[in-house]
Amino acid sequence: MDIKSTFKDIKHTPSLDSRIQQKSKRLEKFFDGRSSIQWICFSDGISHFAEITLEGPSFRINAKASDKNLYHALDKVINKIETQLKKQKEKMKNPIHQKNQDFKFTKGREEALDEMEEENNLLKKKKKVA
């Protein structure tokens, strides 16, 4: 997992870096490391904003949150991104959404599907003849 962080109008401190690393590790359970996370933290003088852009092999998810305290904004944005990832994960479990994914079946499964297709073709031919 590639983690990048950018700070605008906020002092970059080691404690912020460690908090961002800690929060990013919470996202590792959703995918197998083929992703990059970009954190952007900035302030407008009154509120602090935290923004995440998470890119994976077949998706891109964004979330943004604000609070008077930057650490609370980080907590809010990580909760938002986790919610989006959970929805994405549930969506991919549905077979309708799996046609765009690169799923590879085991050899036995592929052979069974080929046999089923051949049987369906034979039944169609028999119906046409009869």
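This is a predicted model: local features need pLDDT of at least 70, side-chain atom pairs count only at pLDDT 80 or more; totals for chains, interfaces and linings use all residues.
**Entry 1: the core.** I began with the largest nonpolar core, which has 23 residues. Trp 39, Cys 41, Ile 52, Leu 74, Val 77, Ile 81 and Leu 85 are those with the most contacts inside it. I then looked up which elements give two or more residues to this core, and found α1 (14-25), β2 (36-43), β3 (48-55), β4 (60-67) and α2 (70-93). Helix α2 gives the largest share, seven residues.

**Entry 2: Trp 39.** Next I listed what Trp 39 touches, leaving out residues up to four places away in sequence. Among its partners are Ile 3, Ile 20, Ile 52, Leu 74, Val 77 and Ile 78, and the list also includes Lys 4, Lys 23 and Glu 51.

**Entry 3: helix α2.** I checked the length of α2: at 1.5 Å a residue, its 24 residues should span 34 Å, and the end C-alpha atoms are 35 Å apart, which agrees. At the start of the helix, I found a side-chain oxygen of Asn 69 within 3.0 Å of the backbone nitrogen of Tyr 71. The buried residues of α2 are Leu 70, Ala 73, Leu 74, Val 77, Ile 78, Ile 81, Glu 82 and Leu 85. They pack against α1, β2, β3 and β4.

**Entry 4: Thr 53.** My last stop was Thr 53, in strand β3. Is Thr 53 buried or exposed? I noted it as buried, because its relative accessible area is 8%, under the 20% cut-off. Its side chain makes a polar contact with the side chain of Asn 62, at 3.1 Å. Thr 53 also touches Ser 36, Ile 37, Gln 38, Arg 60 and Ile 61, again not counting residues up to four places away in sequence.

Note on methods: Residues are numbered from 1 along each chain as its sequence is written. Side-chain values use heavy atoms; hydrogens and water are left out. A nonpolar core is a set of buried Ala, Val, Leu, Ile, Met, Phe, Trp, Tyr and Cys residues joined through side-chain atoms within 4.5 Å. Buried means under 20% relative accessible area, exposed over 50%, partly exposed in between (1.4 Å probe, protein chains only). Helices (H or I, at least four residues) and strands (E, at least two) are DSSP runs, numbered from the N terminus. Contact means heavy atoms within 4.5 Å. A polar contact is a pair of N or O atoms within 3.5 Å; within protein, one must be able to donate a hydrogen and the other to accept it, and residues adjacent in sequence count only if both atoms are side-chain atoms. The expected span of a helix is 1.5 Å times one less than its number of residues.
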